[in-house]
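Let's take a walk through this one together. Have the sequence and the coordinates side by side, and we'll go from single residues to the sheet and back out again.

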Amino acid sequence: MGTDTRGWKDAIYEQFGRIGKALSSPRRLEILDLLSQGPKNVETLVLETGMSVANVSQHLQTLLQARLVQFDKQGTYAVYQLSNAKISALLLLIQAIGEDLLAEVRLLRDEFLSNRDSFEPLTLDELKARMDVDEVYLIDVRPKEEFEYGHIPGAFSIPVKELADHLLSIDTNRPVVAYCRGRYCMYAVEAVEMLREHGIHAIRIDEGVREWKQQPLH
């Protein structure tokens with residue numbers, strides 16, 4: 001291999017490494033996952049992650065340097081979002097690889113759900129089949145701004161924090177299906193728990209909008 005070729009390959013992989021370094025932090029992965037649900041300002045990310053303003057800002061600077069996020073000024077706020085739609089697919093792929101290769105991922109998830117939901121969740125295909133014949137009442141329990149950014153067609157927005165105030169308005173003549181941000185978001189689990197406590201037939205789906213959009217013929 002010639003010297004010029006070696007130098008070129010070193011330079012290329014150094015650039016790819018910028019992405020890898022930015023993704024190497026668990027907290028930055030969480031921030032990217034949150035931004036995949038829609039644009040957010042620093043204050044919202046602080047509330048969602050439990051980190052300080054300084055830590056969130058530092059992580060965002062690293063993500064900016066790797067070109068994984070971008071921001072717009074809206075008044076006095078900087079609102080951040082993913083810089084490329086492919087990043088959402090990359091995050092799902094990282095989760096899928098983690099489930100395939102790391103037993104700890106499956107163990108942690110199973111341990112958390114074991115005492116909270118013994119029912120198998122609906123798959124996306126099952127959800128679509130039931131929605132096609134109007135057999136379920138689908139609720140999106142994420143924050144309203146995430147619903148407005150994108151949601152599964154036919155869903156109603158009832159954020160989990162407001163669910164208790166909307167119990168009487170839910171159509172209980174059909175099973176209620178709840179979804180949130182995906183397999184590692186617990187809002188849907190919490191929503192189903194509350195609904196069942198009030199005698200409402202409820203079930204969740206593990207997936208969210210990102211997975212729905214990747215399905216064919218939706």
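A search of the whole structure turns up zero disulfides, a disulfide being a pair of cysteine sulfur atoms within 2.5 Å. Some ground rules before going on: this is a predicted model, in which local features need pLDDT of at least 70 and side-chain atom pairs count only at pLDDT 80 or more, while totals for chains, interfaces and linings use all residues. Residues are numbered from 1 along each chain as its sequence is written, and side-chain values use heavy atoms, with hydrogens and water left out.

Buried here means under 20% relative accessible area, exposed means over 50%, and partly exposed is what lies in between, with a 1.4 Å probe and protein chains only.

Stepping back, the protein has ten helices and seven strands. These are DSSP runs numbered from the N terminus: helices are H or I over at least four residues, and strands are E over at least two. The C-alpha trace spans about 70 × 45 × 35 Å along its principal axes. Of the 218 residues, 43% are buried. Taking contacts with a separation of 6 or more, 63% are between residues 24 or more positions apart, where contact means heavy atoms within 4.5 Å.

Strands of a sheet pair through backbone hydrogen bonds, either parallel or antiparallel. Here four strands make an open sheet in the order S5-S4-S6-S7, with parallel pairing. The edges belong to S5 (156-157) and S7 (202-204), each with a single partner strand, so one side of each is left without a neighbour in the sheet. Two strands pair if DSSP finds at least two bridges between them.

Three bridges join S6 to S7, running parallel, and alanine 178 stands opposite arginine 204 in S7. S6 also pairs with S4 in the parallel sense, over four bridges, and there leucine 138 stands opposite valine 177 in S6. In a regular strand the side chains alternate between the two faces of the sheet. Both faces of S6 are covered: Val176 and Ala178 are buried on one side, Val177 and Tyr179 on the other.

What does helix H9 have among its buried residues, and what covers them? The buried residues of H9 are Tyr187, Ala188, Val189, Ala191, Val192 and Leu195. Their cover includes helix H3 (42-49), helix H6 (103-114), S4, S6 and S7. Just after H9, glycine 199 takes a positive phi of about 75 degrees.

Leaving out residues up to four places away in sequence, glutamate 99 touches Val105, Arg106, Arg183 and Tyr184.

Over in strand S3 (residues 77-82) sits leucine 82, buried with a relative accessible area of 14%. Beyond four places in sequence, leucine 82 touches Leu32, Leu35, Ser36, Leu68, Val69, Gln70, Ile87 and Ser88. Leucine 82 and cysteine 180 are 98 residues apart in sequence and 19 Å apart in space, C-alpha to C-alpha.

Last stop: lysine 9, in helix H1 (residues 3-23). Lysine 9 is partly exposed, with a relative accessible area of 25%.
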